[in-house]
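Please look at the sequence and the model shown here.

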There are 2 protein chains.
Amino acid sequence: MKLNDNFRNIKESYLFAEIAERTAAYSAAHPDKKIIRLGIGDVTLPLVPAVISALHSAVEDMSREETFKGYGPYEGYAFLREGIKKYYAENGVDVGLDEIFVSDGAKSDLGNILDIFSKDNTVLITDPVYPVYVDTNVMAGRKVIFAAANERNGFLPMPDGKVKADIIYICSPNNPTGAAYTKAQLKEWVDYANAMGAVILYDAAYEYFITDDNLARSIFQIEGAETCAIEFCSLSKTAGFTGTRCGYTVIPRKLEAGGLNANRLWLRRQATKFNGVPYIVQKGAAAVFEEECRKQIRGNIDYYRENARMIADCMDELGIWYTGGKNSPYIWLKCPFGMSSWEFFDYLLNGAQVVGTPGAGFGENGEGFFRLTAFGSHAATKEAVSRIKTLLSQK
Amino acid sequence: MKLNDNFRNIKESYLFAEIAERTAAYSAAHPDKKIIRLGIGDVTLPLVPAVISALHSAVEDMSREETFKGYGPYEGYAFLREGIKKYYAENGVDVGLDEIFVSDGAKSDLGNILDIFSKDNTVLITDPVYPVYVDTNVMAGRKVIFAAANERNGFLPMPDGKVKADIIYICSPNNPTGAAYTKAQLKEWVDYANAMGAVILYDAAYEYFITDDNLARSIFQIEGAETCAIEFCSLSKTAGFTGTRCGYTVIPRKLEAGGLNANRLWLRRQATKFNGVPYIVQKGAAAVFEEECRKQIRGNIDYYRENARMIADCMDELGIWYTGGKNSPYIWLKCPFGMSSWEFFDYLLNGAQVVGTPGAGFGENGEGFFRLTAFGSHAATKEAVSRIKTLLSQK
């Protein structure tokens with residue numbers, strides 16, 4: 001047999017390994033120094049009580065013959081899809097139950113969705129980028145082109161009518177930059193995609209952090225998106241499900257090409273290669289869309305938002321240019337003193353014992369930038385901010 | 001964009017829809033008759049107490065900051081992989097921890113594994129077949145050829161040195177036929193695969209039903225398999241996890257081709273398109289490999305085995321030829337009186353109000369055969385067997 005040669009073309013990322021290595025070396029040399037990690041993209045607060053209670057109750061269901069659940073629907077239980085449908089309705093979006101597919105996370109679906117597309121599509125990805133978009137397409141042998149996100153466009157590149165693309169990835173609020181498109185900006189992307197006959201794969205994993213009404217919570221708030229977009233949503237950051245694994249994908253019935261229907265193809269793909277999300281997890285996920293739980297979750301999100309605000313205020317005070325921080329758990333800052341991403345990493349580690357993520361690790365446009373995240377504790381974030389201020393004011 | 005044209009070549013299966021339709025029509029015409037369903041491939045007994053207890057405890061872990069789990073390892077937690085490694089050791093198989101990948105089920109991995117293989121591979125599949133093997137390859141545009149399983153070879157086709165294949169699917173004990181390869185027979189397949197440079201994708205989802213020591217519980221009990229096989233395992237039937245979703249896949253480090261290593265490619269694939277199985281589910285799965293739980297699970301398996309025995313005894317008594325029933329939850333019988341699969345379906349539904357699965361739905365070699373399953377209750381199975389005996393003795 002032949003293994004897939006395209007794997008030879010996937011770039012190995014040493015970003016997080018390199019961060020771990022430099023941090024460990026510093027730690028070994030300075031065992032007395034307390035390091036604060038603001039580089040992580042994982043949540044730290046536990047699941048909220050309403051979710052815990054729903055999970056326990058679902059476990060009980062599995063213990064009794066009358067309520068035991070075997071194979072479930074490939075697209076997810078109706079009780080969960082109905083909760084998702086209602087959530088969309090709150091944002092003025094009418095989504096059909098058969099347009100919602102429960103997944104084990106946005107990442108899985110963002111990768112697996114490519115099964116329904118021909119290899120002969122040109123893929124347009126913004127740079128800097130969540131590496132999954134690139135690697136999944138390289139693995140399948142597709143041509144990938146990039147749209148530069150940079151300081152000039154506020155890390156929000158707009159469509160270029162001269163560039164021909166078939167599959168377009170947009171993540172807003174963005175990982176790693178925290179930048180988020182306004183509804184007006186997204187309308188330009190939707191119009192471009194419809195004109196091109198392209199599809200937008202819209203990663204909305206961070207939508208719960210949005211407070212500004214000018215920003216889109218869903219691409220389906222934009223007129224015309226139902227003929228050109230698929231939306232990937234996640235409970236990972238919304239409800240702390242990074243280790244519980246549940247998300248959902250919305251594929252409009254109107255998304256068609258060459259006589260094939262994307263929604264039906266995806267159902268067929270899932271029926272063939274997937275057997276649904278655990279019943280227990282779906283019960284926990286359904287709780288997320290109920291009012292009592294929403295309050296608890298908002299508490300957690302507010303906690304992370306407060307961290308983001310502390311970091312953003314610090315940047316404002318220091319006069320450092322950044323994106324994110326307001327409608328996103330990420331702060332993407334321009335390295336001061338003209339430092340490169342890794343220079344600033346070392347500077348911050350040595351001078352303030354704070355670990356962040358060098359932007360250069362997310363693509364060539366990330367060079368000279370740096371990511372801090374809001375997923376730490378208040379105390380650690382406060383201490384980190386204070387150290388950063390002291391360090392940068394000295395120079 | 002272009003959607004994937006290969007989807008046009010996937011055959012729509014109307015098997016279970018047609019069964020449902022004919023059963024509903026009969027039910028509507030005869031509302032007084034009690035129908036017994038022996039067509040289902042899903043378990044009916046609830047999760048055992050040891051698993052329930054592990055699940056509750058894991059839910060508690062998720063409720064506290066000190067024990068909360070975010071993103072886990074792509075390949076699964078070590079605590080679960082260690083249990084799996086020990087289980088393999090009981091069967092005399094030494095598997096490395098880095099050769100075990102925890103999955104959300106054998107079906108997902110059986111489909112997704114194709115990502116690591118080139119499109120240019122010829123796929124050999126036994127017929128009748130679990131449709132997932134065929135559909136996943138058609139979806140990817142691969143050439144599929146079939147090996148006929150039939151009465152002459154006891155539904156256990158052996159390798160044909162004249163046939164060139166790159167990827168070979170073997171499911172033993174088989175779904176739908178219940179037939180299981182002996183170690184000696186599997187050795188022939190392993191030798192053939194090694195000689196051809198082919199890979200065997202070995203579906204061991206039903207291994208827990210094996211009692212006969214001449215049969216293989218794992219393809220890695222066969223010498224030489226570590227250079228030509230990948231094994232897909234499931235807790236669905238073993239521990240009633242059809243709705244809880246956990247399985248595992250073993251890829252030897254020695255499985256290589258063209259300078260690429262299948263094990264490393266799969267880890268890269270999973271890191272890119274998967275974020276692991278829920279922590280809660282992995283905790284429940286880990287319990288399955290502990291002694292107290294094993295006893296409870298054996299109780300459930302024995303329960304299903306007793307159903308299989310009842311059905312097999314009935315066939316023996318009626319002089320009907322069949323495979324399975326002894327080391328498998330499936331009984332694959334030759335339709336009596338020269339009936340076709342669907343004729344026998346109607347005959348059984350009308351005459352005994354028993355619903356099974358027409359073999360013709362699993363491929364052309366399934367015509368004239370019929371599948372009954374052992375996943376019902378004792379009472380229902382006993383009643384069904386009694387009705388079948390009465391009906392077939394009358395004719």
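Rings of Phe, Tyr and Trp (its six-membered ring) are taken to pair if their centres lie within 6.5 Å, and planes under 30 degrees apart count as stacked, over 60 as edge-to-face and the rest as tilted. By this rule there are 50 aromatic pairs over all chains. Two of them are set out below.

| Pair | Centre distance | Plane angle | Class |
|---|---|---|---|
| A:Y77 and A:F79 | 5.2 Å | 10° | stacked |
| A:W332 and A:F362 | 6.3 Å | 65° | edge-to-face |

This is a predicted model, in which local features need pLDDT of at least 70 and side-chain atom pairs count only at pLDDT 80 or more, while totals for chains, interfaces and linings use all residues. Residues are numbered from 1 along each chain as its sequence is written, chains are lettered from A and ligands numbered from 1 in the order in which they are written, and side-chain values use heavy atoms, with hydrogens and water left out.

With buried meaning under 20% relative accessible area, exposed over 50% and partly exposed in between (1.4 Å probe, protein chains only), A:Y77 is buried at 14%, whereas A:F79 is partly exposed at 27%. A:W332 is buried at 0%, and A:F362 is buried at 6%.

Turning to chain B, B:R387 is buried, with a relative accessible area of 16%. Its side chain makes a polar contact of 2.8 Å with that of B:E383, where such a contact is a pair of N or O atoms within 3.5 Å, and within protein one must be able to donate a hydrogen and the other to accept it, residues adjacent in sequence counting only if both atoms are side-chain atoms.
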